[in-house]
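Biologist: I am new to this structure. Could we go through it together?

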Amino acid sequence: MTSEQFQTIKNKIADSKNAISRAEGAIAQLQTQLLQEHGLDSIDAASAHLNKLELDIAADQKKLDHLLHKLEQVTDWGAL
């Protein structure tokens with residue numbers, strides 16, 4: 001291995017370490033934001049909260065569909 005090849009490898013290792021450090025910083029920032037904005041302290045808690053919200057949305061959509069159906073039954077759309 002030449003000194004040039006060694007230096008290239010050394011530079012790639014340094015670049016990789018910097019990329020890892022930036023990624024870890026971004027993760028920490030997102031976790032802080034998650035806690036501040038939503039009161040969730042982990043990815044698992046966020047995932048569970050997201051699942052709950054999806055269930056709530058599905059239930060609300062079902063209620064909306066039911067109410068829309070009832071409205072259509074009592075509305076004379078032809079008169080509009």
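Biologist: Which residues make the nonpolar surface patch?
Modeller: This is a predicted model. In it, Met1, Phe6, Ile9 and Ile13 make a nonpolar surface patch of about 440 Å².

Biologist: Where is the place of Phe6?
Modeller: Phe6 has its place in helix H1, which covers residues 3-38. The relative accessible area of Phe6 is 49%, so Phe6 counts as partly exposed.

Biologist: Turning to the whole protein, how many helices and strands are there?
Modeller: The secondary structure comes to 2 helices and 0 strands. The radius of gyration is 27 Å, well over the 12 Å that the globule rule gives for 80 residues, so the protein is more spread out than a compact globule. Along its principal axes, the C-alpha trace spans about 85 × 30 × 20 Å.

Biologist: And what share of the residues is buried?
Modeller: Buried residues make up 2% of the 80 residues. The protein exposes about 7200 Å², and carbon and sulfur atoms supply 59% of that area.

Biologist: What about charges: which side chains meet in a salt bridge?
Modeller: Those of Asp56 and Lys52 do, at 2.8 Å from N to O. The count for the protein comes to 1 salt bridge. Side chains of opposite charge can pair when their charged atoms come close.

Biologist: Where do Asp56 and Lys52 lie?
Modeller: Both lie in helix H2 (residues 43-74), 4 residues apart, about one turn of the helix. Asp56 is partly exposed, with a relative accessible area of 32%, and Lys52 is partly exposed at 48%.

Biologist: How far apart are the mean positions of the positive and negative charges?
Modeller: The mean positions of the 8 positive and 12 negative charges are 7 Å apart.

Definitions and conventions. Residues are numbered from 1 along each chain as its sequence is written. This is a predicted model: local features need pLDDT of at least 70, side-chain atom pairs count only at pLDDT 80 or more; totals for chains, interfaces and linings use all residues. Side-chain values use heavy atoms; hydrogens and water are left out. Patches are made of residues with over 30% relative accessible area and no salt bridge: like charges are joined within 9 Å, nonpolar side chains (Val, Leu, Ile, Met, Phe, Trp, Tyr) within 5 Å. Accessible areas come from the Shrake-Rupley method with a 1.4 Å probe; for residues, only the protein chains shown count as cover. A salt bridge is a side-chain nitrogen of Lys or Arg within 4 Å of a carboxyl oxygen of Asp or Glu. Buried means under 20% relative accessible area, exposed over 50%, partly exposed in between (1.4 Å probe, protein chains only). The radius of gyration is taken over C-alpha atoms; the globule rule is 2.2 Å times the number of residues to the power 0.38. Lys and Arg count as positive and Asp and Glu as negative; His and the chain ends are not counted. The place of a charge is taken as NZ of Lys, CZ of Arg, CG of Asp or CD of Glu.
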